[in-house]
Amino acid sequence: TWDLDRLRGGVYVLPPYESKKTEWYKGTANAIYQNIQFLEDYDPEYVLILSGDHIYKMDYNKMLRQHKETGADATIAVLDVPLSEASRFGIMNCKPDGTIYEFEEKPKEPKSTLASMGIYIFSWKKLRKYLEEDEANSKSSNDFGKDIIPAMLNNGEKLVSYRFKGYWKDVGTLGSYWQANMELIDIIPEFNLYEEFWKVYTKGDIIPPQYIAGDAVTDQCLIGEGAEIYGEVHHSVIGPNVVIGRGTVVRDSIIMRNSQIGEDTVLDKAIVAEDVVIGNKVTLGFGEEAANVLKPAVYA
């Protein structure tokens, strides 16, 4: 539980549900709006809002410290991206002191390369006001990037950028998810899982150790506990309790837990979900086509 199950604080799951008085989350801002009472119970001065499909390491204390020092109503984490990729993101146009004066949602001709990371710190009372106004607007899409941030800018609120330097990956697509996994098994990965001073923790199952047969071949892989490897595995991520049969070749692939791969099968640049059974003499994956299909940009 890593000290996250306390009576005061810890981690809570607040799923959307539908009844006569509530509805499914309509957007990122509406998701917070529907849980206003939960937040009010803690009477916070500041609220940190994060996206759930990004991979990075950040000390939020530094961002909060800047938020307080600048007296911002909202602080938005930004990352400098290549100009050729800027049109894929929400772009923050800033003054030299970092104050945001304009926000562009996926502009065709971006004026800057500072992309929003979807990481926000708001002064809570100010945010609550805008959430309530946004909910009352029937034309709103109830989204932070499309509605809340532009509304605050239009009203002259103080929005400040927080520059982040380091590895950051949006894994909201299959391509970026595949790319992020492949980067983890580089000889010197950009996103380091093995730092002594900043460890990444995960759930540890009580299962047998991995078994790699004497004639099996493994090369630059992450292989989970309980896996049984009888074939060849190259530059791949293999989950716990996965079985790979004899004569099978797995290359540049992700195989999730409890899946079974038959014999004399080839997986080349494939993503295999949990509890999947693949038979004998099967060929799956993008192979060389993945050079064009699965090649999202990397920002570091």
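Predicted model: local features only at pLDDT ≥ 70, side-chain atom pairs only at ≥ 80, totals over all residues.
Local features need pLDDT of at least 70 and side-chain atom pairs count only at pLDDT 80 or more, while totals for chains, interfaces and linings use all residues. Residues are numbered from 1 along each chain as its sequence is written, and side-chain values use heavy atoms, with hydrogens and water left out.

Q: How many aromatic pairs are there by the ring rule?
A: Rings of Phe, Tyr and Trp (its six-membered ring) pair if their centres lie within 6.5 Å; planes under 30 degrees apart are stacked, over 60 edge-to-face, the rest tilted. The count is nine aromatic pairs.

Q: What makes the pair of phenylalanine 38 and tyrosine 42 tilted?
A: The ring centres are 5.4 Å apart and the planes stand at 55°, so the pair is tilted.

Q: Why is phenylalanine 38 called partly exposed?
A: Buried means under 20% relative accessible area, exposed over 50%, partly exposed in between (1.4 Å probe, protein chains only). Phenylalanine 38 has 27%, so it is partly exposed.

Q: What is the relative accessible area of tyrosine 42?
A: The value is 29%, so tyrosine 42 is partly exposed.

Q: How do you know that lysine 129 lies over the face of tyrosine 130?
A: A charge sits over a ring if NZ of Lys or CZ of Arg is within 6 Å of the ring centre and within 35 degrees of the ring normal. Lysine 129 meets this rule, at 4.3 Å from the ring centre of tyrosine 130.

Q: What leaves one side of β10 and β22 without a neighbour in the sheet?
A: The open sheet runs β10-β13-β16-β19-β22, with parallel pairing. β10 (217-219) and β22 (283-284) stand at its edges, each with a single partner strand, so one side of each has no neighbour in the sheet.

Terms used
Pairing = 2+ DSSP bridges. Helix = DSSP H or I, 4+ residues; strand = E, 2+ residues; numbered from the N terminus.
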